[in-house]
Amino acid sequence: MKSSAQVVVIGGGVVGCSVLYHLTKFGWTDIMLVERSELTSGSTWHAAGGFHTLNADTNMAALQGYTIRLYRELEEITGLSCGLHHVGGVTLATTPERVDHLKAERAKHRYMGLETEFIGPEEIAALSPITNVDGVLGGLYDPLDGHLDPSGTTHAYAKAARMAGAEIVLRNPVSATVQRPDGSWDVVTEQGTIHAEHVVNAGGLWAREVGAMAGVYLPLHPMEHQYLVTEETPEVYERDSELPHVMDPEGESYLRQEGRGICIGFYEQNCDPWAVDGTPWTFGHELLENKMERIEESVAFACKRFPVLERAGVKSMINGPFTFAPDGNPLVGPVPGLRNYWSACGVMAGFSQGGGVGLSLAEWMVEGEPSRDVFAMDVARFGDWITPGYTRTKVRENYQRRFSISYPNEELPAARPFQTTPAYDIWKDRRAVFGAAYGMEAVNYFAPEGEPLFETPSFRRSNAFDATGAEVRAVREAVGINEIHNFGKYKVTGPDARDWIDRMMAGRVPKPGRLSLTPMLSPKGRLIGDFTISCLGEEAFQLTASFGAQAYHMRWFQRHLPESGVSLENVSTRRIGFQIAGPRARDLLARTTRADVSAEAFKFMDVKEIDVGLTRALVQRVSYTGDLGYEIYVGADDQRSLYAALTEAGEDLGLRPFGMRAMMSLRLEKFFGSWLREFGPDYTPMETGMDRFVSYNKPADFIGKAAALKEKAEGAGRRICAFEVDADDADVVAYEPIYVDGEIEGFVTSGGYAHYPQKSIALGFLPVERIADGLAVEIEILGDRRPATLITTPLFDADGVRMRG
């Protein structure tokens, strides 16, 4: 074993071997993998080995498609067999809601180029004669679905990596990872210490323990999972072709052929977390005790869906642990707070996602950033607020919902409320219906008396529709109040603060007392932030962006923070407050302060520190509602006092609270984009209209400048547009295909119902040569192509007179 390497990958499951292989593909060969036992010794060896492309996140689905196509390449490179069975698969729909869900997924697949199709019960029965289609309304068929040999596939990754120069060391447990002052690592193993520039934690079942060696908590937890294999069954082995996979969400089961029998597994409600206090280092090639009683109800239901099971004897039952993150997606990327330490953990669907995880991480390590937006699996999507108790509770919920419909408006209840602001009980008393993001509760809307304190999950307009409309009208016709705790806020101070921000941000840095809007770019010119810069003084600034991107942005900031001259502090949950917006917003603010807040004294995009009520507040004249509005920031201890002052002064002005459902409707009237919808790492400034905030000619060599200038010179091939949709009872969500002259030319990024003008609106991409005011298109919503018209004039305050006046 060598004593130094550019990269040490810890863990020899399918994910660790995939990372190793992909690093060699990108030219890094001074790399090694260290495994405590043998390859596949954790979850990999007992996996059922299925693979599929279906995923609620389109980039995850695309990476799963990449993974599946990769297996033929591995076989050709190594001469080893992955044991591939490309038999196709069908997901059954037994309710209208499931039909909506699968048709929405099919629409996404159209623009992604995935050849799925929605088929009827007769076609399902023809594909899988052992399936009882009574009560089945249809299903989504994917020809890419199939299964493989877990051990053979893992060894194929390993051999391909070895052939390219990588080293694999087995039976060599890691006991410590110690970082040196220069950012490199000493990986202490049973066979000696390895000095590595980078460490990749692909520890699988032991990822928590490996992370703890580096002083980091990774939000993961193992769950027990059972499947069974039947004896030989004539209905299987007498066929001329192999049976397809059948996913039955109603029965919480997946089924496939296994040799001359059947393999069926369950995601049962009565599930058990495993190794709550840590995975034993001695665990490896063992299985857990079978718990037939845990899946009895699931098996009984499966026998009705697949009657052949009643006649088939059970050959074996497998109960083994798999590791999950709270939302079920992997944890991948540079771990916040550590240098040169990378995560490749929580990949519960290793044979669907392992190749994509390896590809994305290798791109990140070698090229500096992935080629697509991978925030859905970025380890930084969770912050330092998360705890083992929260993780375990959400992991159990996610396991139970493995086959549940993912509704666009659904708020999951487990581990809530977790974090709240001082205003939480005020909103609760006013019948707030809450959502949660990044662990923090936020009001979605306020339910009228007599209505349930719960939004019905749906792909169509929900019971929140009328209440949201009333809140929108209150803002546009009087004045609304909304909490602004759910912005990420960063305090930047010091003699070099301005120069540092000037390099970090692509836009201009404002003068004292002013605001500016700016994108933050990656070196390749991709959008990695959508910021407001508030200049509070020559050496004091506030940066404001997405609340859910705190760890993501702090990781980037800290990577580029100089050793001196700049102080950076995340104040997101300590500097909170309210925004007030609407035609009476100025009147309301004037009643609560002695400061001059007239249009002449307090201009649009001004920021001032003034007294509001009893508190000293930072007030910014800007509002995401696109209306006359102000953001009023105070310390958390002063929030209730601020609320009392504003509500008392606004009683006769028609002041009404509004939630995030109304906020997202209001922004559509102005065609305002939203982070990870219109703005994100898949897109560039010119594509999204953010180029108007880029200071291409400023002296500072901001990150991504060369790429931005190149794009400016060459132009963008596509741009965001707005569309008025002739919708029925469902509006767009995201990723619906846009048809021009019958051909798919673009896709939707977001949209919804704009309540004030009473129009259904979609935002989405089209090729620049297609963009023209009044262009007639079609947008597919739940399998129905709805007519839509491209519009270029905002539906509210098009000239900005009210917002700026």
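**Buried residues, ring pairs and a pocket**

User: Does C721 count as buried or exposed?
Analyst: The relative accessibility of C721 is 6%. The structure is a predicted model, in which local features need pLDDT of at least 70 and side-chain atom pairs pLDDT 80 or more, while totals for chains, interfaces and linings use all residues. Residues are numbered from 1 along each chain as its sequence is written, and side-chain values use heavy atoms, with hydrogens and water left out. Because buried means under 20% relative accessible area (exposed is over 50%, partly exposed in between; 1.4 Å probe, protein chains only), C721 counts as buried.

User: Which cysteine has the sulfur nearest to that of C345?
Analyst: A search of the whole structure finds zero disulfides (pairs of cysteine sulfur atoms within 2.5 Å). C345 is therefore in no such bond, and it is buried at a relative accessible area of 1%. At a distance of 14 Å, the nearest cysteine sulfur belongs to C17.

User: How is the aromatic pair of F465 and Y753 oriented?
Analyst: The search finds 34 aromatic pairs in the whole structure, that is, rings of Phe, Tyr and Trp (its six-membered ring) with centres within 6.5 Å. Planes under 30 degrees apart count as stacked, over 60 as edge-to-face and the rest as tilted. F465 and Y753 lie 5.0 Å centre to centre with 55 degrees between the planes, so the pair is tilted.

User: How many residues apart are F465 and Y753?
Analyst: F465 is in helix α12 (residues 465-477) and Y753 in strand β34 (residues 743-754); helices (H or I, at least four residues) and strands (E, at least two) are DSSP runs numbered from the N terminus. F465 is partly exposed at 23% relative accessibility, whereas Y753 is buried at 18%.

User: In which loop does F672, the partner of Y624, lie?
Analyst: Y624 and F672 are stacked, at 6.1 Å centre to centre and 20 degrees between the planes. Both are partly exposed, Y624 at 24% and F672 at 21% relative accessibility. Y624 is in the loop between β29 (615-620) and β30 (629-635), and F672, 48 residues apart from it, is in the loop between α17 (660-669) and α18 (685-688).

User: Which residue lies over the face of Y267?
Analyst: A charge sits over a ring if NZ of Lys or CZ of Arg is within 6 Å of the ring centre and within 35 degrees of the ring normal. R260 lies over the face of Y237 at 4.1 Å from the ring centre. Over the face of Y267, at 5.6 Å from the ring centre, lies R402.

User: Which element gives the largest share of the lining of the second largest pocket?
Analyst: A pocket is an open set of points on a 1 Å grid over the protein atoms alone where a 1.4 Å probe fits, with protein on both sides within 12 Å along at least five of seven lines; lining residues have an atom within 4 Å of a point. Of its 33 lining residues, the closest to the centre are P334, W364, R555, W556 and R559. Two or more residues come from each of β18 (341-345), α9 (350-367) and α14 (550-559), and the largest share, five residues, comes from α14.
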